[in-house]
Number of protein chains: 2
Amino acid sequence: MAVSSFQSLPGFRDFLPRDFAVRQYLQEMWRATARRHGFVEYETPLLEDTGLYLKKSGGELSTQLFRFADQGGRDITLRPEVTASLARLAADHQRDFPKPLKWFEIGQCFRYEKPQKGRGREFFQFNVDILGESAAQADAELLAVAIDTMRAFGFEKDDYQVRVSDRQAWADFAAKRGLNAEQLATFLQIVDKLERERPEVLEEKLSALGLQLAEVKEFIANPDNASENYRTLLADLRARGLGEFVRWDLSIVRGLAYYTGLVFEVFDAKASMRAVAGGGRYDTLVSTISDGKIDLPATGFAMGDYVIRNLIEETTHALMQMEVWLQRYQAGCDVYVVVDHEEKRAEALRLVTDLRTAGISVDFPLMPMKFNKQLQRAEQAGARFALIVGNDFPQMKLKILATRSDATVDAENIIQEMIHRIHRPDGPLLA
Amino acid sequence: MAVSSFQSLPGFRDFLPRDFAVRQYLQEMWRATARRHGFVEYETPLLEDTGLYLKKSGGELSTQLFRFADQGGRDITLRPEVTASLARLAADHQRDFPKPLKWFEIGQCFRYEKPQKGRGREFFQFNVDILGESAAQADAELLAVAIDTMRAFGFEKDDYQVRVSDRQAWADFAAKRGLNAEQLATFLQIVDKLERERPEVLEEKLSALGLQLAEVKEFIANPDNASENYRTLLADLRARGLGEFVRWDLSIVRGLAYYTGLVFEVFDAKASMRAVAGGGRYDTLVSTISDGKIDLPATGFAMGDYVIRNLIEETTHALMQMEVWLQRYQAGCDVYVVVDHEEKRAEALRLVTDLRTAGISVDFPLMPMKFNKQLQRAEQAGARFALIVGNDFPQMKLKILATRSDATVDAENIIQEMIHRIHRPDGPLLA
């Protein structure tokens with residue numbers, strides 16, 4: 001395929017029209033769901049001062065940065081995620097808005113990772129956050145968005161699962177056993193790898209903290225350890241009719257250091273158990289970014305485009321819904337104007353312009369083309385109608401491409417006619 | 001404002017909700033116009049091999065690049081424009097699509113320039129291109145998009161002007177005077193600066209090519225020098241009813257070296273005469289990018305977001321249209337559910353969920369809040385309706401915020417009621 005002397009960079013996607021349409025589908029569903037829940041959209045810059053990311057994540061992402069010096073010698077980085085920028089924005093502008101802020105962003109992020117199936121060096125991420133409300137009711141509202149996002153893509157109850165945990169429960173566990181803050185951080189890293197690491201390795205790491213694997217597993221297994229915040233969250237979700245989508249699972253802790261309370265992940269319910277989305281409370285981040293000047297509790301989640309797209313493509317009912325959307329979205333035009341007699345091209349051009357001015361999407365052959373080839377183009381473009389300008393103009397033939405049926409129409413009332421047909425394709429002829 | 005210990009980089013914008021909404025307005029108008037003309041959307045990567053840009057533009061942009069080495073040592077650049085990537089894509093994939101390709105892209109570009117009013121280091125650009133058709137009818141179709149874009153923003157005939165020229169006319173002029181290809185390039189650079197440079201400087205530069213300023217000005221002033229392609233273009237636009245928007249102006253040559261034929265700029269008609277958009281033929285670029293393997297004539301134009309936004313804000317009728325759009329778009333929700341009695345919160349949560357599931361945008365207080373404050377929130381969010389859940393539930397009061405009128409509604413048929421009211425706000429009560 002690579003005819004040009006240049007190739008796209010590894011891990012970077014060319015969005016050809018079909019891929020672009022899929023991307024639009026994901027983003028339009030994200031946008032519509034967030035807006036339905038009363039969230040407003042913003043976007044932070046693609047490039048930021050590198051220090052912002054280092055300060056936020058404590059260096060966890062620092063090995064994967066697209067980081068460089070600009071022409072003015074600034075140390076800058078292509079955003080690996082957006083929460084750090086959001087915290088900066090919130091610290092600077094929170095007083096201009098009533099609290100809580102319910103904000104979302106859809107944007108591209110960049111990480112220098114090994115490109116592989118289901119992961120590139122760029123990806124789009126849907127970020128949904130509530131800032132300025134510390135109660136678990138805010139987390140419930142976030143989870144409602146996460147669940148409704150899955151519904152919007154056509155996923156059913158058995159397709160996915162939301163697993164919720166609370167870092168505070170682990171903080172209490174650690175405090176009772178005399179661990180300090182630094183040891184708690186180490187401990188949470190161990191819990192994060194509980195399902196992936198060999199028992200011997202876990203046992204060794206835990207014993208360095210004076211703990212045993214058995215007591216950790218026992219703590220996880222006991223449902224009585226569900227935190228007060230989780231109980232509040234669950235009661236709220238049950239009132240909404242969404243209780244059945246979530247379950248308590250202390251093995252979820254989320255990798256990043258900045259989470260402070262309730263955390264959750266949305267999982268693909270199939271064997272693979274991929275995380276489709278994840279998030280949680282980060283009550284101290286805005287304070288960290290503002291050197292303690294602004295104290296704004298916050299909770300949020302993110303969903304990337306790679307995993308959700310793969311999951312849709314593997315799930316028949318979700319895929320069928322997407323295909324219906326794509327078919328409509330990808331149509332290059334509603335009406336294809338066929339120029340059957342070149343002597344009538346001027347009339348055809350005027351007609352094309354008038355239809356477009358009326359808001360109808362129209363395509364036509366820029367240069368002379370055989371009749372049958374024009375009809376083929378109409379079908380390739382996904383047009384619903386072909387309007388044939390021939391010798392009888394202002395009388396024209398209208399072909400309904402799906403049914404292959406014909407009607408005779410007149411240029412004088414064609415705008416009204418086409419608007420009527422496009423909005424009510426089953427409607428009677430006006431002509 | 002800067003409370004956080006970090007600032008955004010110079011020339012990079014934070015899109016707070018209001019600015020984001022303006023950006024959406026511009027992009028939605030761009031997208032709708034292009035789609036109405038039968039163009040399909042794609043997007044090229046934000047980062048490319050630096051060589052792609054150097055090869056295309058002959059180094060003209062090379063001093064303004066955000067260029068760096070990635071962790072793998074690749075010389076990569078944040079895109080300063082998208083045409084080079086489009087040429088790469090077209091060379092690699094053109095055989096998968098019927099010709100001509102009518103493609104558009106809306107994307108962010110990056111140039112390391114001095115930030116000033118009306119120019120940043122990042123900007124959004126609307127790129128519209130037709131590839132695979134060498135006739136001037138393709139340029140006419142492009143100009144139709146450019147003109148309709150201005151109309152879509154509410155600009156009237158007197159607000160702007162499209163000035164069209166043809167590099168071929170200058171090539172003929174130069175050939176008659178014995179100039180070679182290199183001298184022609186130098187000459188076009190001089191013509192490009194005709195309106196900005198002092199006559200003495202121009203005279204000196206021209207004399208080095210054996211030319212005089214008078215003969216250049218005379219050539220520009222003579223309408224008989226309009227090229228054959230321009231005549232074809234004008235006839236096509238006249239048939240469309242768009243002839244009055246364009247005029248021939250040989251002083252337009254466009255700065256970049258890769259243009260080969262018809263070129264044009266859309267100007268703000270006020271004294272400032274800013275270029276709002278510009279473009280033209282680049283028939284050899286795909287061949288250059290593919291080392292001669294693919295020969296695909298092309299024409300295209302671009303419009304950036306800075307100038308058009310300023311022009312809208314300075315033009316009353318265009319600004320009013322935008323404000324109407326923004327008011328509707330910025331509404332945080334259609335319905336604000338007021339929780340008047342906390343004992344009914346569970347019922348309110350269920351109602352919120354059911355309304356959202358029906359596709360209605362809903363917000364509500366996450367935590368207990370005074371009645372009047374809730375109504376204030378409803379208005380701040382731009383809600384059209386406040387639905388009050390109180391002691392009489394399932395009977396509720398519905399407040400229409402614009403008219404301050406009330407109605408009593410019942411939870412049993414509230415979904416139907418609200419869908420009806422939102423789509424026909426003047427409709428009678430169903431309850």
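Predicted model: local features only at pLDDT ≥ 70, side-chain atom pairs only at ≥ 80, totals over all residues.
Trainee: Where do I start with the two chains, and what rotation superposes chain A on chain B?

Mentor: Start with how the copies are related. A rotation of 180° with 0.0 Å of shift along its axis places chain A on chain B, with an RMSD of 0.1 Å. That is the relation of a two-fold axis. The contact surface fits this picture: 100% of the contact residues of chain A recur in chain B, and the same surface serves both copies.

Trainee: Which residue of chain A comes closest to the rotation axis?

Mentor: A:Phe68 does, with its C-alpha at 3.1 Å from the axis.

Trainee: How many residues of chain A are in contact with chain B?

Mentor: On chain A, 80 residues are in contact with 80 residues of chain B. The side of chain A that touches chain B holds 38 nonpolar, 18 polar and 24 charged residues.

Trainee: Which domains does the assignment give for chain A?

Mentor: Domain 1 covers 17–325 and domain 2 covers 333–423. The C-alpha centres of these two domains of chain A are 50 Å apart.

Trainee: On to sheets. How do strands of a sheet pair?

Mentor: Strands of a sheet pair through backbone hydrogen bonds, and the pairing is either parallel or antiparallel. Take the 3-strand case in chain A: an open sheet in the order β2-β4-β3, with antiparallel pairing. β2 (47–49) and β3 (66–69) of chain A are the edge strands; each has a single partner strand, so one side of each has no neighbour in the sheet. On average, neighbouring strands of this sheet are turned by 35° against each other, direction ignored.

Trainee: Over how many bridges do β2(A) and β4 of chain A pair?

Mentor: They pair over 3 bridges, in the antiparallel sense, with β4 of chain A spanning residues 75–78.

Trainee: What is the strand order in the open sheet of 8 strands in chain A?

Mentor: The order is β1-β5-β6-β11-β10-β9-β7-β8, and the pairing is mixed. At the edges stand β1 (40–41) and β8 (246–248) of chain A; each has a single partner strand, so one side of each is left without a neighbour in the sheet. Helix α4 (residues 136–152) of chain A packs on this sheet and touches several strands, among them β6 (122–131), β7 (160–166) and β9 (262–268). The direction of α4 makes about 15° with that of β11(A).

Trainee: Within that sheet, how many bridges join β10 to β11 of chain A?

Mentor: There are 5 bridges between β10 (residues 275–281) and β11 (residues 298–304) of chain A, which run antiparallel. One facing pair is A:Gly278 opposite A:Ala302 in β11(A).

Trainee: In chain B, why is strand β11 largely enclosed by the rest of the structure?

Mentor: Count its buried residues. In strand β11 (residues 298–304) of chain B, 6 of the 7 residues are buried, so the strand is largely enclosed by the rest of the structure. Its pairing can be followed to two strands. β6 (residues 122–131) of chain B pairs with β11(B) in the antiparallel sense over 7 bridges, and β10 (residues 275–281) of chain B is joined to β11(B) by 5 bridges, also antiparallel. B:Phe301 is the place to look: B:Val128 stands opposite B:Phe301, and B:Phe301 is the bridge partner of B:Gly279.

Trainee: What do β15(A) and β16(A) form?

Mentor: They form a hairpin with 4 residues between them, and A:Arg404 in the turn has a positive phi of about 60°. The strands, β15 (residues 395–400) and β16 (residues 405–410) of chain A, run antiparallel and are joined by 6 bridges. A:Lys397 stands opposite A:Thr408 in β16(A).

Trainee: Now a loop residue. Is A:Ala381 buried or exposed?

Mentor: Count the neighbours, with 20 or more other C-beta atoms within 10 Å as the cut-off for buried. A:Ala381 has 22, so A:Ala381 is buried. A:Ala381 lies in the loop between α14 (371–380) and β14 (385–389) of chain A. Among the residues that A:Ala381 touches are A:Tyr336, A:Asp363 and, from the other chain, B:Gly38.

Trainee: Where does A:Tyr282 lie?

Mentor: A:Tyr282 lies in the loop between β10 and α10 (285–289) of chain A. A:Tyr282 is buried, with 26 other C-beta atoms within 10 Å. Its contacts include A:Tyr258, A:Tyr259 and A:Ala298.

Conventions. Residues numbered from 1 in each chain as written. Chains lettered and ligands numbered in written order. Contact = placed C-beta atoms within 7 Å. Nonpolar A, V, L, I, M, F, W, Y, C, P; charged D, E, K, R; others polar. Buried ≥ 20, exposed ≤ 12 C-beta atoms within 10 Å, placed from the backbone. Pairing = 2+ DSSP bridges. Domains from an automatic or database assignment. Axes fitted to C-alpha atoms, helices over the stretch in contact; angles between N-to-C directions. Least-squares fit on C-alpha atoms with pLDDT ≥ 70 in both. Lists of a residue's contacts leave out its neighbours within four places in sequence.
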